[in-house]
Amino acid sequence: MNIDLPTDIEETQEGLLAKKFSAVELVDTYLGRIEKNKDLNAFLTVSSDKAYFQAKEVDRVIGEIPQKDILKQKPLLGVTIAHKDLYLTKGIRTTASSNVLKDYVPDYSATVVERMAEAGGITIGKTNCDAWAHGASGENSDFGPVKNPWNKEYVPGGSSSGSAASVAAGLSLVATGTDTGGSIRQPANFSGVVGFKPTYGAVSRYGVIAMASSLDCMGSFAGRVSDVEKIFNVVKGKDGFDSTISDASYDKPKDRIKIGIPKEYFIEGLDKEVEESVLRASKVFEKQGIELKQVSLPNTMYGISVYYIVQPAEVSSNLGRFDGIRYGNGRDAFGAEAKRRIMLGTYVLSAGYYDAYYLKAQKVRSKIIEDFDNVFDEVDAIIAPVSPTSAFKLGEKTSDPLKMYLSDVLTVSANLAGIPALAIPSEVNREGLPLGFQLIGPKFSELSLFGLGKLYESVTHFNNKWQTNLKRF
Amino acid sequence: MILTHRFRKELRLFKKWTNDSIIGDMAKLSKSDVLHVAKLANLNLTEKEIDKFAPQLSKVVDFVGELSKVDTNNVEPTSQTTGLSNITRIDNVNLAGSLTEDEALSGSDKVYNGYFKVNAILKERSDK
């Protein structure tokens, strides 16, 4: 039996607890939608057996745990989850969208996967992405590109392409992603869904295939800000396996909030429609009594160069372990982009170049962090565009790696500084493609970002457009 | 190189930011540079790949070289952003958190007597 698709966690759980539908029926519905929309290429593996197993468990506990306690014990009760194929899932194939791991079945699960399952979540499948999370379009997958659900001639953004597309098309209620240089925020922006990148050190990276270890953040996609917040509350905090994790005290949002508009993010070259839409979003906040203030992050311009030194350096080190001995295929199975990044990283770390490139980049990274520290003395958050343009066409940038790298210009700085950011969709442009903005805050300011995001949603109507688009799938 | 409209825009954005042209003097990576790096990275590249990567890597290295003009005197490098250091745990054996031999070997079909098989790295002596 197919049911009316719930569009957020609250609706899902209300429906389950009121017995409007069962978790098994929910799974039937999502699996049907995945099957029907195979052409999006959002999923690499559909975990039907696991999903039905977990759904039956959900239906069982609904009869067992008193209704007043159930959501405290199982905050993600009945929530279908699509995991980016970088998250290890015990017994379910995990490929990193690379031929190197095309037959790899892990023996343990990532902390995020474990915690979401423990909270009542249902793993529906594993999503396609740029191989090893290297890319800004989804086109670097060894298993073919993902298509943008708003217009299939366009990319959904990357690297978490399948996760963004699966939520945008209602193939899963929520999805996980990894954000190393924008890989959650940019596909969320291109695909018209909410994308959240936590503070570095807030969510354990354990069991997620590493890209660049000083930048990787484990975040999520959903239709609404309240849903990524619910996921964050379940997955955050120490697990004993990732020594970068703090059990931070997350401060409640202040009563009077100031939002900064960083001038370096709004200069010539940014598409006019993107600029105007972000400024319109800032006016929405202003109308709600939030003060806007021009601020400056003078070293923003160097973010992309720092990122394309530090990140490939760490990539070359992390991908060194893939030698085809203990698992997976040998190094010849790496695709072109992985090879390029391994080469680039090895080059900047090699004798004679280390000081000029790697050490220099680490120093400029300090200056970028200092910029943010200064700005967050003046304001509580900043608002900025996510990408210089809306989604681009499939194939438009694949022949020129540098061109693709430049897509990351507005997102990498938050990763270099280790600070949280929330991408929120705001409008649809004349071509029918989503536009949006990001809110960036100081470390562990997640509650303020969620508060601002929910405020924005409560007085605007993008969610209705997304729900209308869902009906097409 | 044919620049699309969109890329032109991004280029302008960057020129504005860096007051510089991306396509200036190339930091040229020669074929032997590429081969050297490939050897360090344990990658076997085909001739075709070398011809493809050399200009692509040159272009990126050239671009990121812009950092040379940033004044970083008296700036400490950042390797990570948590502010934490020397995080340790009690050194207890946790068998529940460990893989069994079978589990550890399950990812490979090249196993022998509970070991992984690897390629030989030494050659047999010819004078034996």
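Over which residues of chain B does pLDDT stay under 50? The stretch is residues 15-25 of chain B, where pLDDT is the predictor's confidence in each residue, from 0 to 100. This is a predicted model, in which local features need pLDDT of at least 70 and side-chain atom pairs count only at pLDDT 80 or more, while totals for chains, interfaces and linings use all residues. Residues are numbered from 1 along each chain as its sequence is written, and chains are lettered from A and ligands numbered from 1 in the order in which they are written.

**Confidence**
- The model has an ipTM of 0.90 and a pTM of 0.94.
- The average pLDDT of chain B is 82, and 79% of its residues score at least 70.
- For residues 15-25 of chain B, the model has 12 contacts beyond four places in sequence; two residues are in contact if their C-beta atoms, placed from the backbone, lie within 7 Å.
- Where pLDDT is low, the predicted coordinates should not be read in detail.

**Chain B**
- Chain B contains four helices and two strands, in the sequence order α-α-α-α-β-β. Helices (H or I, at least four residues) and strands (E, at least two) are DSSP runs, numbered from the N terminus.
- Of the 128 residues in chain B, 13% are buried. A residue is buried if 20 or more other C-beta atoms lie within 10 Å of its own, exposed if 12 or fewer, and partly exposed in between.
- Among contacts in chain B with a separation of 6 or more, 44% join residues 24 or more positions apart.

**Interface of chains A and B**
- On chain A, 57 residues are in contact with 49 residues of chain B.
- At least two residues each come from α10 (303-318), α11, α12 (354-378) and α13 (401-405) of chain A; α12(A) gives the most, with 11 residues.
- The side of chain A that touches chain B has 27 nonpolar, 16 polar and 14 charged residues. Ala, Val, Leu, Ile, Met, Phe, Trp, Tyr, Cys and Pro count as nonpolar, Asp, Glu, Lys and Arg as charged, and the others, Gly among them, as polar.

**Packing of α11(A) on α3(B)**
- Helix α11 (residues 336-349) of chain A packs against helix α3 (residues 47-64) of chain B at about 55 degrees, with axes 11 Å apart. Axes are lines fitted to C-alpha atoms, for helices over the stretch in contact, and angles run from 0 to 180 degrees between N-to-C directions.
- From α11(A), Arg340(A), Met343(A), Leu344(A) and Tyr347(A) meet Phe53(B), Gln56(B), Leu57(B), Val60(B) and Val61(B) of α3(B).
- Seven nonpolar residues, one polar and one charged make up this contact of α11(A) with α3(B).
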